[in-house]
Amino acid sequence: MARADVLILGGGIIGTSLAWALAQRGVSGIRVVDLDLAGVYASSELNAGGARATWWQPVNIETCLATLEFFAEHADEFAFQQRGYLWLYDDDALHERALALRELQNRHGLGVEALEVGEIQARAPLIDRGLDELVGATWSPRDGLINPNAVRSWYRAQAEGLGVEFSNRHYVTGVETSRVAGGAGETRKIEAVDIVEVRAGVADSEALRRVLTTHHVPAEAITVEERIETATVVNCLGAWSPVFSSKVGITDVTEPVRRQISLVDVHAEDWAAGVDPAKLGMIVDPSGLYLHGEGAHVLAGYSTPGEAPGFDFDYDGRDFFESEIWPRLAHRASSFERCGHVRGWAGLYAVTPDCSGIADRVESFANLFEAHSFTGRGVMQSYGVAQGMASLITTGRFDAIDLSPLNRSRFADPLKWVVEELHI
Ligand SMILES: Cc1cc2nc3c(=O)[nH]c(=O)nc-3n(C[C@H](O)[C@H](O)[C@H](O)COP(=O)(O)OP(=O)(O)OC[C@H]3O[C@@H](n4cnc5c(N)ncnc54)[C@H](O)[C@@H]3O)c2cc1C
């Protein structure tokens, strides 16, 4: 039987960064398994590339700030650009709360500025419409944009350099557990994880999608069935984490929810005076629309309210652009009056009831950990979460980065929720 000292389920940005963080601490025998390490349907490959530390909860600020500092050290490799986040408000109560929470953010050194409506255009000449609807804005200069694929590749290359084994086309199907003799209460232990290795053909997009949306590998696609004995397991399956949790008797609170992004084309002559498209940082509109410059185009996303949970990867195409993206863009900025739809995509947010992630040892298991459900924050939180989890796994406690607020048991008591409201 195969064996891994630490078996990481899922090779998205969280599983990969954790593998590196563990290897950095001298852990050996680490193996990462994923159905598709290219990540065709992984959120890590389908996100918006935003990176900010301006959150409302200390644990999210601290993990994201540690990650931003790490990104800044590798700015060229990760195409990290501190272009800032401009957050526009049209609601007095939300604006007041944002201003009050600025104190917490600035205690962490974020330097968030409050802008009067009359100051917004000077900071962002793009915003030249609907200013009379706004009540103010915040500007966070340390936030910015990142190439998430470059970050994930870097984590992987570093991890492989330290001996971590990555197994592609390996799909987790089951788990064998035992009761720990003399353990407290009903403590159990993962003995082994069942994996099927799938034919190379299953790596084509349609077949992958069928597996990842139905959680079933057709018998004819299986080449090898393998049982991997392991001392430690970490669930880093992102939006699919509940599928594994259910195999060990945990009813998860996480839901997969589709999020869509469009790429927008603006003719050079249509940019309003003073706008430099090459320096366009993240702008978050009160309507829920967000945008930033993306190469020759503008990336614009919008989280449709009431989107039903499910493993849905269908991008609604021009309809989405015309009904949700373009009207909001043109409402706020004349530059978008005549813009065009290039293409777009859909990916999954792994959403918890308080919109914060889960990073913890799984209660009632001696050797099962989990790090997933980082909603729209997994890339910008990856370094901080990986360092915190590596400490927990190797020493039994958190050191410099304390992830304890992200425990799963908080969901039993809404007073312990880590609620994030500035969520896009
Ligand atoms: C549209 C959109 C925009 C976003 N924007 C941002 C942003 O601007 N900034 C930011 O920080 N975050 C953003 N996010 C969120 C971020 O992308 C995620 O939080 C992060 O990528 C999650 O990483 P992960 O490793 O947990 O999950 P994933 O990257 O989804 O990885 C999970 C992996 O598990 C594998 N898998 C699933 N089931 C199995 C199985 N049974 N066996 C083996 N392998 C399996 C999958 O193949 C996948 O590779 C966005 C997300 C979306 C969808």
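Modeller: A400 counts as exposed, because 10 C-beta neighbours lie inside 10 Å. The cut-offs are these: 20 or more other C-beta atoms within 10 Å make a residue buried, 12 or fewer make it exposed, and anything in between is partly exposed, with C-beta atoms placed from the backbone. The model is predicted; local features need pLDDT of at least 70, side-chain atom pairs count only at pLDDT 80 or more, and totals for chains, interfaces and linings use all residues. Numbering starts from 1 along each chain as its sequence is written.

A400 sits in the segment after α10 (378-395). Helices here are DSSP runs of H or I with at least four residues, strands are runs of E with at least two, and both are numbered from the N terminus.

T375 is not a glycine, yet its phi is positive, about 40°. T375 is buried, since 23 other C-beta atoms fall within 10 Å. A79 also has a positive phi without being a glycine, here about 50°. Its loop joins α3 (75-78) and β4 (85-89). A79 is partly exposed, because it has 17 C-beta neighbours inside 10 Å.

α10 also takes part in the ligand shell. Together with α1, β9 (170-179), β12 (255-265) and β16 (340-351), α10 is among the elements that each supply at least two residues. In total, 40 residues surround the ligand, and the closest are G12, G50, G238, G347 and G378. To count, a residue needs its C-beta atom, placed from the backbone, within 6 Å of the molecule. The shell holds 20 nonpolar, 16 polar and 4 charged residues. In this scheme Ala, Val, Leu, Ile, Met, Phe, Trp, Tyr, Cys and Pro are nonpolar, Asp, Glu, Lys and Arg are charged, and the others, Gly among them, are polar.

Domain 1 (2-46 + 149-252 + 354-416) and domain 2 (82-143 + 256-351) each give at least three residues. Their bounds come from an automatic or database domain assignment. The domain centres, taken over C-alpha atoms, are 32 Å apart. Across the boundary, 15 residues of domain 1 contact 9 residues of domain 2. Contact requires C-beta atoms, placed from the backbone, within 7 Å. On the domain 1 side, helix α7 (residues 205-214) gives the most, with 3 residues. That side has 6 nonpolar, 8 polar and 1 charged residues.

Now back to α1. Helix α1 (residues 13-24) packs on helix α6 (residues 148-161) at about 35°, with axes 8 Å apart. Axes are lines fitted to C-alpha atoms over the stretch in contact, and angles run from 0 to 180 degrees between N-to-C directions. From α1 come I13, T16, S17, A19, W20 and A23, which meet P148, V151, R152, Y155, R156, Q158 and A159 of α6. The contact residues split into 8 nonpolar, 3 polar and 2 charged.

Last, N106. N106 belongs to helix α4 (residues 92-107). N106 is partly exposed, because 14 C-beta neighbours lie inside 10 Å. Leaving out residues up to four places away in sequence, N106 touches G111 and V112. G249 is 143 residues from N106 along the chain, and their C-alpha atoms are 42 Å apart.

Notes
Contact = placed C-beta atoms within 7 Å.
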